[in-house]
Amino acid sequence: MEKLFHLLYECMLKGQDAVLVTVVASSGSTPRGAGARMLVTSAGRIWGTVGGGAVEHHSESVAAEVLRSKKPRLEYFRLRENEIQDLGMICGGDVNVQFQYISAGDEQKLVLFRQIGALYQTKEEFWLVSEISEDGEGGMAVCRRSGAITGISLPAAVLEGLQKKPVQIEAQGRKFYCENMQQQGRVYIFGGGHVSQALVPALAAVDFRCVVLEDREEFSRAELFPGAEEVLLIENSHIADYVTIDALDYVCIMTRGHKDDLAVQAQVLKTSAAYIGVIGSRHKKAGVFAKLKEQGFTDADLDRITTPIGLAIGAETPAEIAVSITAQLIQHRAGRY
């Protein structure tokens, strides 16, 4: 999404009006497609998708009308089965799409999009809140859980109702669509080998923020890990010198050998990490766990470790293992929120 808001900001600086198209809900519940977005200008769709097919085609036509009328609107689509699948929805047959008119001369939104860019750079958690009231003007606000940063004023009930997943909130006779644009919590990946190189882009594609930590210079090059937030050259025996792992973070341990895996596990178990996964066989697990017990760790401590890491899908290649790990982290994240 960072690229979307960068493009919006650039369009405004160039004097180009735009329409931000957002899937905001399905009837009855929030769909998997909530948060799907595309950006439309006089040149047509220039970024993103709302699922393809008939819905997207019609949405592009509506966006063109909104550009001409300069009036935001909300459209309700009753979908056929194939269109539901296009949007990735698993329930409901309707979808609501918001069309926000973005005038190049709107100074408030220019400030808002500039602020969004700054928040992406500082890696702070933030929400984008859009008013979707029938008689609203499509106002927007950027906020932290503690309060609005810039944009329209928000009722206190909106800030109190913010969630990790997209949600609609009604307050003071107004309706708002709220979406977390950048969550806290990172995936710390220890080891920069072939599995890690496949894992980072897979995790980044589903909005995990990845930090790679490696003690070999040749495996700690940023270009090996597209999508990584950071790549660090470290000493595995002193990881606290480089990162602070807290209760919102995930840890994946896949260093070059048992000795390094053991050293990292012993340190990570002393943190409040939400998830600790270690690559390797069940035979390796028994040996490493025995050594950890010798260091004073209890069965309760060791129960925090998932090993072998990843869902049991018969994965063999680095790419397949990356898929199994990504699936397991998605499963864990869904359970948390």
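Guide: Before we start: this is a predicted model, where local features need pLDDT of at least 70, side-chain atom pairs count only at pLDDT 80 or more, and totals for chains, interfaces and linings use all residues. Numbering runs from 1 along each chain as its sequence is written, and side-chain values use heavy atoms, with hydrogens and water left out.

Visitor: How many residues of β2 are buried?
Guide: Buried means under 20% relative accessible area, exposed over 50%, and partly exposed in between, with a 1.4 Å probe and protein chains only. Arg37, Leu39 and Thr41 point one way from β2, Met38 and Val40 point the other way, and all are buried. For β2 (residues 37-41), that makes five of five.

Visitor: Is Gln265 buried or exposed?
Guide: Gln265 is found in helix α7 (residues 258-268). Beyond its neighbours within four places in sequence, it is in contact (heavy atoms within 4.5 Å) with Ile253, Val278, Val288, Phe289, Leu292 and Ile305. Its relative accessibility is 3%, so Gln265 counts as buried.

Visitor: Which helix gives the largest share of the lining of the largest cavity?
Guide: A cavity is a set of points on a 1 Å grid over the protein atoms alone where a 1.4 Å probe fits but cannot get out, and lining residues have an atom within 4 Å of a point. The lining includes Gln265, Lys284, Lys285, Val288 and Phe289. Four lining residues, the largest share, come from α8 (residues 282-294).

Visitor: How far apart are the end C-alpha atoms of α10?
Guide: The expected span of a helix is 1.5 Å times one less than its number of residues. Helix α10 (residues 318-336) has 19 residues, so it should span 27 Å. The model agrees, with the end C-alpha atoms apart by 27 Å.

Notes. Helices (H or I, at least four residues) and strands (E, at least two) are DSSP runs, numbered from the N terminus. On a 1 Å grid over the protein atoms alone, a cavity is a set of points where a 1.4 Å probe fits but cannot get out, and a pocket is an open set with protein on both sides within 12 Å along at least five of seven lines; lining residues have an atom within 4 Å of a point.
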